[in-house]
Amino acid sequence: MKYAEEFRDPKAARALLARIAAVTDEIGATAENPVHIMEICGGHTHAIFRYGLDKLTPPGVEFIHGPGCPVCVLPMARVDECIQLAERPGVIFTTFGDAMRVPGTSRSLMQAKADGCDIRMVYSPLDALELARRNPDREVVFFGLGFETTTPSTALSIQQAAREGLGNFSVFCNHILVPPPIKALLDDPHMILDGFVGPGHVSMVIGIHPYDFIARDYGKPIVVAGFEPLDLLQSVLMVLEQIRDGRAAVENQYARVVPEHGNPVSIAAMADVYEPRPSFEWRGLGEIDASGLRIRARYSAWDAEAKFGIGYAAGARVVPEQEGCACGQVMTGRIKPTACPMFGTGCTPEMPLGALMVSSEGACAAYYQYGGARAVEPAE
Ligand code: SF4
């Protein structure tokens, strides 16, 4: 297949759905005793709801929405620290737009900007670098956020700043890794997970082998998937076929984009600039060992934590979730978004209470946008 439309072909989708139904029957999965498949990536969550795949697949297949939306797992304390940085005189704080509305303890970056902080949205850390070049009398801080997909571009911007000796640029590094939370979820005795749809964009960078432990140590299948409807249906079928056949392997449905061993240039840049933190806090999941990255000492001149004495460098604090927020339970698949008492009433995309309602990749926002909101009576 060559064009996007071909990955949305209804005839091919119907054929795949028939095969999914047949294999689900062979496994003996039913609505009462479903196969639990976690899609790790927020982009997959969005696509599943956008194309109604959760309704098209048989009741014996249940999607669990994993922690793969970087905005959704950002703890409130980190948002508070971003605002503290932005409040410093002379600082221009730069961030991707989707972090602007994530709730902090008392306000979001958007609200802090409205209150007068110099916070600017950028499309790339290179935009922040350019701001630093143009404003030599200001400190430009870039909010490094996201999984292995965005981590290399931040690393390359730090390397470039070092080459240029650009002393007024730094990164507040909150980059996180995909494999450690999967391990944490598999180690959780309350989780029921039968297989995974693996992240496409992250795997483009790291390859498929960082997931080997899922099949080898936990006996669960994982299929790295693309983002079109046929990609996802084919990946679900591949997971189900592994379960039916009693196999557990790492398979690559997205081979047209994901190289087996990832992108060596990105991997080298990440290894040069970052090292794992002993542990890192995830919203809704708590502290997870070696799940976050920090900037290596040789680049400390461009590390906002070291430069401003903030974040984990200052002994990061943990802030409890907002009262009534069930994001942690949704993120670990214990409840569906519509089961949260705040869904569609106290929490909407316009006025999010929890982070899962902020980004379009958040499970609650996807439910709300593509039909879940209809399950909720409008607020008085
Ligand atoms: S509806 Fe809002 S508060 Fe409830 S789980 Fe979703 S994002 Fe969190």
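Trainee: How far apart do the C-alpha centres of domain 1 and domain 2 lie?
Mentor: The C-alpha centres of the two domains are 32 Å apart. Domain bounds come from an automatic or database domain assignment, which gives domain 1 (4-69 + 184-252) and domain 2 (76-177 + 263-314).

Trainee: How many residues does the contact take from each?
Mentor: Seven residues from domain 1 and 10 residues from domain 2 take part. Two residues are in contact if their C-beta atoms, placed from the backbone, lie within 7 Å.

Trainee: Which helix gives the most on the domain 1 side?
Mentor: Helix 9 (residues 200-206), with five residues. Helices are DSSP runs of H or I with at least four residues, strands are runs of E with at least two, and both are numbered from the N terminus.

Trainee: And by class, what is on that side?
Mentor: The side of domain 1 that touches domain 2 has six nonpolar residues, one polar and no charged. Ala, Val, Leu, Ile, Met, Phe, Trp, Tyr, Cys and Pro count as nonpolar, Asp, Glu, Lys and Arg as charged, and the others, Gly among them, as polar.

Trainee: Before I go on, what should I know about the model and the numbering?
Mentor: This is a predicted model, where local features need pLDDT of at least 70 and side-chain atom pairs count only at pLDDT 80 or more, while totals for chains, interfaces and linings use all residues. Residues are numbered from 1 along each chain as its sequence is written.

Trainee: New topic. Which residues touch the most other members of the largest nonpolar core?
Mentor: Ile37, Phe93, Val236, Leu356 and Cys364, out of 115 residues in that core. Such a core is a set of buried Ala, Val, Leu, Ile, Met, Phe, Trp, Tyr and Cys residues joined through C-beta atoms within 7 Å; buried means 20 or more other C-beta atoms within 10 Å of the residue's own, again placed from the backbone. Helix 11 (residues 229-245) supplies the largest share of this core, nine residues.

Trainee: Last one: which residues come nearest to the ligand?
Mentor: Cys340, Cys347, Gly354, Leu356 and Cys364, among 14 residues around the ligand. Near means a C-beta atom, placed from the backbone, within 6 Å. The shell divides into 13 nonpolar residues, one polar and no charged.

How values were computed
Buried ≥ 20, exposed ≤ 12 C-beta atoms within 10 Å, placed from the backbone.
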